[in-house]
2 protein chains.
Amino acid sequence: MIACPKCAEVGAIMKAGYVRNKQRYVCKDCNYFFTLSDPDQITPRKKTRRHQTTIIDIAKSIGVSNSTVSRALHGHADISPETRQAVLEMAAQMDYQPNQLAYNLVKSRTNTIGMIVPEFTNSFFPNVIIGAHEILTEAGYNLTIMQSNESYQVEVSNTRAMLANRIDGLLISLTQETNNYDHLKVFEKRGIPLVLFNRVCDHVEAPKVVVNDFDASFTAVEHLILNGYERIAHLGGPLNLLVSRERLRGYRAAMEKYGKSIEENMVIQGMFSQQKARIYGKYLLDLENRPDAIFAVNDSSAIEIMLMALEKGIKIPDELGVVGFSDNPESAYIGPGLTTIRQPTGEIGKTTAQWILQLIDSEEEVNLPKQKVLKTELVVRGSSRRSQI
Amino acid sequence: MIACPKCAEVGAIMKAGYVRNKQRYVCKDCNYFFTLSDPDQITPRKKTRRHQTTIIDIAKSIGVSNSTVSRALHGHADISPETRQAVLEMAAQMDYQPNQLAYNLVKSRTNTIGMIVPEFTNSFFPNVIIGAHEILTEAGYNLTIMQSNESYQVEVSNTRAMLANRIDGLLISLTQETNNYDHLKVFEKRGIPLVLFNRVCDHVEAPKVVVNDFDASFTAVEHLILNGYERIAHLGGPLNLLVSRERLRGYRAAMEKYGKSIEENMVIQGMFSQQKARIYGKYLLDLENRPDAIFAVNDSSAIEIMLMALEKGIKIPDELGVVGFSDNPESAYIGPGLTTIRQPTGEIGKTTAQWILQLIDSEEEVNLPKQKVLKTELVVRGSSRRSQI
DNA sequence: AACGTATCCGCAAACGTTACCGATACTTTT
DNA sequence: AAAAGTATCGGTAACGTTTGCGGATACGTT
């Protein structure tokens, strides 16, 4: 018969339904509910996962407490040289690897900086990453990178993941689609440092690292004008990005300064993509009265246009001047080299990283400048160097 | 006077040393040790860090237990629709973000795949990353990337960090310096899946994703030979990398097949770096009897050599044929386009990622093939297309 | 009534570390 | 020798989740 595990009574046991497919009993005497543990089903959940040696293992094997081990491993004070030595040796012997997860949980910090970039296809962001990586590694931080793939949705989900993983700070360059910034404001609210770079926006209270897009754009267009081009088109980026607006402003300013009239049908703001570049390029080159120069928002668009022009037999730079932006590696090598604006990509990364580190260290509100503007450089190559008229 | 906090005795209090620079007392009566809490130093560690709402907060505010909240949030069974609804609403209202760290700790998994690459400067690895990223994101995994910067030391410390962060799997492409593989064997021992790609090695039991380097190399050299080049030099990579050895083998095989004698002073194995490429290039081009073609281990080296040759007035492809490896973006645009081997970078990334996912899912030992070889493609451009003799 | 069943929820133990607060056992000073 | 100081160690509560195991209620069935 079945006996009550509590009062050892035998007579008062009654069935009392099922729990998880196991017969359940109740002892009417002591009102104790119970099920019979199935002896067949011994150790039902065995540790399949190999056990990683923990601090406790070390502690046990040399007969000290885990707090002692912890302190010894971290070179803390309050530990005698002998025990420290013993702990370190045992740790090495047992092949101990600290569990960062537990550490992170208790310290509420991860020593990890997150970075979200829209794309990897151009050389720009990889180079920024290299710069940031250098600084962060030096400071003992890890860098985890995500790619929003120019999609707002992905960007949002990326920030969520970053948040869930409790990164100590976020470096982000926005998607060309991004119009809503609530997902960034969450970081402010949580007090997690945030630095925007390159593709920045207003509407969010965070430091920004950019280049002097206005000046660069102005210089580029001025350069074209000084080389005798008159009817200069601008193939710009999406206007929700500050970069695009600044470059547009620079373009307009330069045109205005030199008294060139802007033909509005030759100012196009579009998305970044090869396909779009082809479409807009075709449009511009097929115009009744086509421009004699094009200032494009990036090198890949510029190159796309150059290739189309060459195909059509339009001579560069004589019949068409082209200037790009960013100085991709291929730009130096294409037909007549592509004149472009070189951005200090490594510097951007470094600056961004340094800034986030400062924000993390300084508990609250250092009054740093809201924005840092790095200098670009006009690289003149064949695509715009017209024999002076 | 000082009173004992326990027995309220006043007479029997004596000093009893210091703890952390604070005077310590003992009550001789009840043998109770204590320190005086400094009233000035009120709330010494105030919660500067903003409190993030936890599951417990939600539980309290709607009067259920935290286990109920947890189950509700995860769409578990055993929760009534009403409570689930209430929990979800409250979670949204309180702006709850799950703490992945705690989750990771209890589940012993992080849903994160680590990736270590030697460099970012060429387009190769970024493209691999794009491919891997796509697959992993789709499967709900995060990808965290580290850069070993072609340094063995950094690679080791990267693997340590990955280990500490308890990644679920590692994708790695080795440094050109890497000769010791103990840091990878740790992963085997721990049962953490590992996939090598591109820069792989023997000596470690893990799946490898590579391209058909031998065939590619053979094809490239054969192509040069068929274009009438006779004295073909090979600028290879460091021989501890399998890639380098395979490419060298392919080179030798092709030369042998067509009865070309190999002049051993024209076979150079060196490190990947622009500087080295320049040095070796100068050496080759300055040889008494210089080669009439060069097959280089990568495009940047090849381009470096092309530029040097052009500078010296050596005509490409007539006086010098050049073939590279990888098809960097700039290779299509340089002077006479650079003939090169296109690698399926995206595919490499995808394959690697798919493989690690399989390894994670299948508990132990699926007998997958040990190695996957992807196909490359010879891209013929101007640098090797000699007018047939 | 007495018993059986299904549904829903709570308790509490992990997960591995850190850090606060004491507690020993000595050594030194008075 | 008593009192005070020093150096070194331990106990244990967090950190925020998940989850196995039971408990409790409500309802259906003999």
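Student: In which loop of chain B is B:Pro317 found?
Tutor: This is a predicted model, in which local features need pLDDT of at least 70, side-chain atom pairs count only at pLDDT 80 or more, and totals for chains, interfaces and linings use all residues. Residues are numbered from 1 along each chain as its sequence is written, chains are lettered from A and ligands numbered from 1 in the order in which they are written, and side-chain values use heavy atoms, with hydrogens and water left out. Helices (H or I, at least four residues) and strands (E, at least two) are DSSP runs, numbered from the N terminus. B:Pro317 is in the loop between helix H11 (299-311) and strand S12 (321-323) of chain B.

Student: What is omega for the peptide bond that joins B:Ile316 and B:Pro317?
Tutor: Most peptide bonds are trans. The bond joining B:Ile316 and B:Pro317 is cis, and its omega is about 10°.

Student: Which peptide bond of chain A is cis, with omega near 10°?
Tutor: A:Pro317 is found in the loop between helix H11 (299-311) and strand S12 (321-323) of chain A. The cis bond runs from A:Ile316 to A:Pro317.

Student: Is A:Arg166 buried or exposed?
Tutor: A:Arg166 lies in the loop between helix H6 (152-164) and strand S6 (169-172) of chain A, and its phi is near 55°, a positive value in a residue other than glycine. Buried means under 20% relative accessible area, exposed over 50%, and partly exposed in between (1.4 Å probe, protein chains only). With a relative accessible area of 11%, A:Arg166 is buried.

Student: What does B:Ser108 count as at 48% relative accessibility?
Tutor: B:Ser108 is found in the loop between helix H4 (100-107) and strand S4 (112-117) of chain B. Its phi is positive, about 55°, although B:Ser108 is not a glycine. At 48%, B:Ser108 counts as partly exposed.

Student: Which residues of strand S8 (residues 208-211) of chain A are buried on each side?
Tutor: In a regular strand the side chains alternate between the two faces of the sheet. Both faces of S8(A) are covered. The buried residues are A:Lys208 and A:Val210 on one side, and A:Val209 and A:Val211 on the other.

Student: How many bridges join S8(A) to strand S14 (residues 371-374) of chain A?
Tutor: Two strands pair if DSSP finds at least two bridges between them. In S14(A), A:Gln371 is the bridge partner of A:Lys208. S8(A) and S14(A) run parallel, and the number of bridges joining them is 4.

Student: What is the bridge partner of B:His234 in S11(B)?
Tutor: Strand S9 (residues 232-236) of chain B and strand S11 (residues 293-296) of chain B pair in the parallel sense over 4 bridges. In S11(B), the partner of B:His234 is B:Phe295.
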